[in-house]
Amino acid sequence: MTAATTASKALVDDLVSANHILFVEGVVDGFGHVSVRHDGRDDRFLLACGVAPATVTADDIVEVDYEGTVHDAAGRRSYLERFIHSEIYKARPDVMAIVHSHSPAIIPFGITRATLRPVCHMSGFLGFSTAVFEIRDTAGENNDMLVKNAALGRALAESLGPHLFALMRGHGSVTVAHSLKLVVARAIWAEMNAKLQTEAMRIAGGDSGVNYLTPGEATGSMTINETVVDRPWDFWKARAKVALAGLIRS
Ligand SMILES: [Zn+2]
């Protein structure tokens, strides 16, 4: 289906909403990005150009191919880390949407021995051996921490492997899903889990006193949550519209 068709308006509008939701829910700030595979051709995905997620409009959405080339930039800046998206899409045919963020509660789990694990029923997708991407393994000791080329994107995709979430040491995380709405939800729930787990470990005085979900509970709750994602999406979208009134460029 690689005809030169444009993406549907509905998909572009949802990607704009995804950007706004992720800002309002505390997952992205001036940085971070969300992408979705193009629904009119199989060799590209959609991503905002280099603007803050809270201010993204439909005119800011650009088409990027799996080599990381932006096809309709028209002079606009692009995200340096678009290779996170291009390389994961290449490696994972099952992935339809990706979030990369620097959400703060998650970062401590990438720089300590603590393992991010599901502590509540919304975050079973995290699994029990959270992948950690170590950029030094590819870029060496002297690097700027950014996944700004295909080789680094490929290394990140290898760290992610078959998982749905990976930590990026000293930087943030990446979340994947088979739909845009679900990846937004997972990014929000991952940050929520990190806050809850940190608080639980503080109360318990360490990791060993925390009662985590069992693998069966994680899988079971993940499966049921995937069927009800429209409900929080509609709520988050409405809340973002109110929160960002007056900020969004028209
Ligand atoms: Zn980043």
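A search of the whole structure, which is a predicted model, finds 14 salt bridges. One of them joins the side chains of Glu 25 and Arg 239, with a nitrogen-to-oxygen distance of 2.7 Å. Glu 25 sits in the loop between helix H1 (9–24) and strand E1 (33–37), whereas Arg 239 belongs to helix H8 (residues 230–243), so this pair ties together parts of the chain that are 214 residues apart in sequence. The two partners can also be described by their accessibility: Glu 25 counts as buried because its relative accessibility is 18%, a value under the 20% cut-off for that class, while Arg 239, with a relative accessible area of 38%, is partly exposed.

A further salt bridge is formed by the side chains of Arg 44 and Glu 63, at 2.8 Å from N to O. This pair also links distant parts of the chain, since Arg 44 is in strand E2 (residues 44–48) and Glu 63 in strand E3 (residues 61–65), 19 residues apart. Both Arg 44 and Glu 63 are buried.

In the salt bridge between Arg 136 and Glu 134, the closest N and O atoms are 4.0 Å apart, and Arg 136 is partly exposed, with a relative accessible area of 38%. Beyond such pairs, a network of salt bridges links Glu 67, Glu 87, Lys 90 and Arg 154.

| Salt bridge | N to O distance |
|---|---|
| Glu 25 and Arg 239 | 2.7 Å |
| Arg 44 and Glu 63 | 2.8 Å |
| Arg 136 and Glu 134 | 4.0 Å |

For the charges as a whole, the protein chain has 24 positive and 28 negative side chains, and the centres of these two sets lie 3 Å apart.

His 85, which has its place in H2, counts as buried at 0% relative accessibility. When residues up to four places away in sequence are not counted, His 85 touches His 33, Val 34, Ser 35, Phe 45, Leu 47 and Ile 98. Among these contacts, His 33, Val 34 and Ser 35 fall within the range of strand E1 (33–37), and Phe 45 and Leu 47 fall within that of strand E2 (residues 44–48).

Another buried residue is Gln 197, which is found in helix H6 (residues 180–204) and has a relative accessible area of 0%. Leaving aside neighbours within four places in sequence, Gln 197 is in contact with Phe 109, Thr 115, Leu 116, Arg 117, Val 119, Asp 207 and Tyr 212. Val 228 is 31 residues from Gln 197 in sequence, and the C-alpha atoms of these two residues are 24 Å apart in space.

Most residues other than glycine have a negative phi.

At the level of the whole fold, the protein chain contains eight helices and seven strands. A compact globule of 250 residues would have a radius of gyration near 18 Å, and the chain has 18 Å, which agrees. Along its principal axes, the C-alpha trace spans about 55 × 45 × 35 Å. Of the 250 residues, 51% count as buried, and the accessible surface comes to about 11400 Å², of which 57% belongs to carbon and sulfur atoms.

Note on methods. Residues numbered from 1 in each chain as written. Predicted model: local features only at pLDDT ≥ 70, side-chain atom pairs only at ≥ 80, totals over all residues. Heavy atoms only, no water. Helix = DSSP H or I, 4+ residues; strand = E, 2+ residues; numbered from the N terminus. Rg over C-alpha atoms; globule rule 2.2 N^0.38 Å. Buried < 20%, exposed > 50% of the residue type's maximum accessible area, 1.4 Å probe, protein only. Areas by Shrake-Rupley, 256 points an atom, 1.4 Å probe, with all protein chains shown as cover. Lys, Arg positive; Asp, Glu negative; His and termini not counted. Charge placed at Lys NZ, Arg CZ, Asp CG, Glu CD. Contact = heavy atoms within 4.5 Å.
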